[in-house]
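This report describes selected structural features of one protein chain.

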Amino acid sequence: MTTYTLRTKRRRSALRTAAFMAPWIIGFCVFFAYPLISAVSISFTSYDGFTTPEFSGLKNWSFVFQDYPLFWPALRNTLWLVVVMVSCRVVFGLGIGLLITRIKTGTGVFRTLFYLPYLAPPVAATLAFVFLLNPGTGPANSLLDAVGLPTPGWFTDAAWSKPALTALAMWGVGDLMVIFMAALLNVPKEQYEAAELDGATSLQRFRHITLPNISPIIMFAVVTGIIQTMQYYTQPFVAGKVASGVMGGSGQQFEPGYPDKSTLTLPQLVYNLGFQRFDYGSASVVALVLFVLAMAFTALLMRRRSGLIQAGE
């Protein structure tokens, strides 16, 4: 076979591979690379969406990090939600998945009941939670008061607003439950039987058999949970707006974050700066901070997982 023939085959193979990869490459360039490059360039300009962008250097970055009073509270709230909410959702989803896989009868009923809340629209679910946790008229505080327990202010109290949002997120944990159930049912039963014959307790079987087998699914749930929480906008915005009494109307102005900036998140700042104040440069800065945080969390988790795998080997 001649050199020319080999080159022709390799070229055809490369073109065929490129043709199969073309949809992904086009989607990556259009929906990821181009928006990312545009956000970086706009962050160094003064741009209101109507006039021609003008280069402003680090003015937008200085404004966001030094002069914008909502940035640091929003950053702290977002990091709190990432750490606490994602952890609670993963642990609760795994616990529900374990519980349902152990049930002998009625598995389909319980699985449906736990999954249904996940299908509720975010706005409707948030409205329901705000009214259920209303400090004055909600049934949650009525039950707590009836048994002599303290009655928190929930969405009207800065100390309880984020725990209330976490409870809302845990209520809609059906997506993680289904994923963990599928992973748990795929764990080889022979390993459990061998461990039981060796006298391993339930906790030991969970630690040394269940967790190693489902660790990739746990990592998937954590990473996707972090990405979703970095985009957490609807629930805290609706909860703060309803709890504040501002239900809408053309003459009403609402500053996100009620009460006392406790429900303010970085995605709300992107909307507030970009689409309410028409400051696209500063909005791009906040968006880039979100991107960097998401990438940093993901890289850290992947690195720790790789280290754990190597240690296990």
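A cavity is a set of grid points where a 1.4 Å probe fits but cannot get out, and its volume is the space filled by probe spheres set on those points. The structure discussed here is a predicted model.

A search of the whole structure finds one cavity of 30 Å³ or more. The volume of the largest cavity is about 30 Å³.

The lining of the largest cavity is formed by Tyr233, Phe237, Pro256, Gln268, Tyr271, Asn272 and Gln276. By residue class, this lining comprises four nonpolar and three polar residues, with no charged residue. Helix H12, spanning residues 266-276, gives the most to the lining, namely four residues.

## Nonpolar cores

The largest nonpolar core contains 36 residues, and those touching the most other members are Phe71, Val90, Leu266 and Leu269. Helices H3, H8, H10 (202-230), H12 and H13 (280-312) each supply at least two residues of this core. H3 accounts for the largest share, with eight residues.

The surroundings of Leu269 can be described in detail. When neighbours within four places in sequence are left aside, Leu269 is in contact with Tyr68, Leu70, Phe71, Ala74, Leu264, Gly274 and Val286. Another core, of 17 residues, lies apart from the largest one; Ala125, Phe129, Leu165 and Val238 are among its members.

In general, side chains of opposite charge can pair when their charged atoms come close. Both Asp175 and Arg89 are buried.

## Phe92 on helix H3

Helix H3 also contains Phe92.

Not counting residues up to four places away in sequence, Phe92 touches Met170 and Val173. Phe92 and Pro121 are 29 residues apart in sequence, and their C-alpha atoms are 21 Å apart in space.

Terms used: Residues numbered from 1 in each chain as written. Predicted model: local features only at pLDDT ≥ 70, side-chain atom pairs only at ≥ 80, totals over all residues. Heavy atoms only, no water. Buried < 20%, exposed > 50% of the residue type's maximum accessible area, 1.4 Å probe, protein only. 1 Å grid on protein atoms, 1.4 Å probe; cavity = no way out; pocket = protein on both sides within 12 Å on 5 of 7 lines; lining within 4 Å. Nonpolar A, V, L, I, M, F, W, Y, C, P; charged D, E, K, R; others polar. Core = buried A, V, L, I, M, F, W, Y, C linked by side-chain atoms within 4.5 Å. Contact = heavy atoms within 4.5 Å.
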